[in-house]
Amino acid sequence: MGERTSGPTFKQRGLVALPLLVPGLAGIAYLALFGAPPSYVLINASALAVSLVWAMFGWFPKSDTLESVGTISVLLLLALTLRLGPEVEGITRWISFGGFTLHIGLTVIPILSVLSTRDRDFGPYLLLIALGIATFQPDAASTLALTGAAFGLAIAEHDRRAAAIGGMGLVATIWASLKPNLAPQPFVERVIPDLLAEAPVAAILLGLSLLVGMAMILRAPRASSSPKLALAGALIGFIAAALFGDYPSPLIGYGAASIIGLGLALPAIRDTEAAT
């Protein structure tokens with residue numbers, strides 16, 4: 001591993017955190033203004049504050065050994081939903097921590113998408129393993145997010161394996177979407193589609209906040225194209241699933257998982273351009 005340039009400036013750290021800040025604040029404003037329970041606002045705001053600090057100042061291991069341990073841990077967390085997570089009507093997408101439940105796909109797939117760009121030999125297969133787990137949950141939002149990450153990696157690296165995995169992901173998404181899903185919960189699922197009927201301007205502004213976030217990921221300083229495209233592809237998958245199905249609305253709807261997930265991933269893309 002080659003030498004790295006000097007560390008990022010405070011401004012550069014802030015720019016890397018903006019993809020989380022913009023939609024996160026827009027989502028909190030939506031929850032507060034449209035009658036969500038105060039606990040929803042508090043949980044999202046707390047998750048955003050902690051995740052922003054990590055996005056700006058968090059540490060990502062440069063050691064290959066530590067990186068491998070982190071990758072295995074992420075895959076294990078995703079797999080544990082099938083055995084230890086709460087099951088609701090045959091669906092297992094969550095893990096509970098002391099009474100607090102996280103949607104694990106939203107939490108770990110963003111960082112996994114970045115990790116898949118670290119190893120050109122095995123990286124695409126990380127997405128394939130995760131795709132298999134998400135298919136058995138079943139969770140069409142997670143399979144679509146992994147599909148987006150695979151296509152992002154394929155575009156950045158001209159990797160045919162990643163493109164093939166993206167194709168498998170589309171098939172897995174169709175299969176998972178045909179399975180019975182849970183009824184949408186207010187302020188969690190169908191945020192933009194439902195808000196369009198009530199307050200179209202607010203719905204458009206929420207959508208724009210997500211688009212701004214995606215654009216800022218793609219323009220993140222000190223980051224190479226592969227992790228940026230893979231991460232943006234994963235988030236686009238989650239967003240598309242929320243727009244067209246009854247799946248959680250990332251970053252703008254109630255739920256800490258997507259906020260924590262993006263916060264964990266953002267430090268991992270920083271300084272990748274500086275590597276030689």
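Okay, hi everyone. Before we start, this is a predicted model, so to speak: local features need pLDDT of at least 70, side-chain atom pairs count only at pLDDT 80 or more, and totals for chains, interfaces and linings use all residues. Residues are numbered from 1 along each chain as its sequence is written, and side-chain values use heavy atoms, with hydrogens and water left out.

Let's begin with the helices. Helices here are DSSP runs of H or I with at least four residues, strands are E runs of at least two, and both are numbered from the N terminus. Two packed helices are described by the angle between their axes and the distance between the axes. Take helix 4, residues 104-115, and helix 11, residues 257-269: their axes come within 7 Å and cross at roughly 15 degrees. Those axes are lines fitted to C-alpha atoms over the stretch in contact, with angles from 0 to 180 degrees between N-to-C directions.

Who touches whom? Contact means heavy atoms within 4.5 Å. From helix 4 we have Leu 106, Thr 107, Pro 110, Ile 111 and Val 114, and they meet residues of helix 11 including Ile 260, Leu 264 and Ala 268. The residues of this contact divide into 11 nonpolar, 3 polar and no charged. Here Ala, Val, Leu, Ile, Met, Phe, Trp, Tyr, Cys and Pro count as nonpolar, Asp, Glu, Lys and Arg as charged, and the others, Gly among them, as polar.

Next, the hairpin. Strand 1 and strand 2 (residues 100-103) run antiparallel, joined by 4 bridges; strands pair if DSSP finds at least two bridges between them. Trp 94 has His 103 in strand 2 as its bridge partner. There are 2 residues between the strands, and Gly 98 in this hairpin takes a positive phi near 60 degrees.

Most residues other than glycine have a negative phi, and most peptide bonds are trans. Yet Glu 89 has phi near 55 degrees, and Leu 251 has phi near 75 degrees. Which is buried and which is exposed? Glu 89 is exposed at 67% relative accessibility, while Leu 251 is buried at 3%. Buried means under 20% relative accessible area, exposed over 50%, partly exposed in between (1.4 Å probe, protein chains only).

Last one: Gln 137 and Pro 138 are joined by a cis peptide bond, with omega about -20 degrees. Pro 138 is in the loop between helix 5 and helix 6. Thanks!
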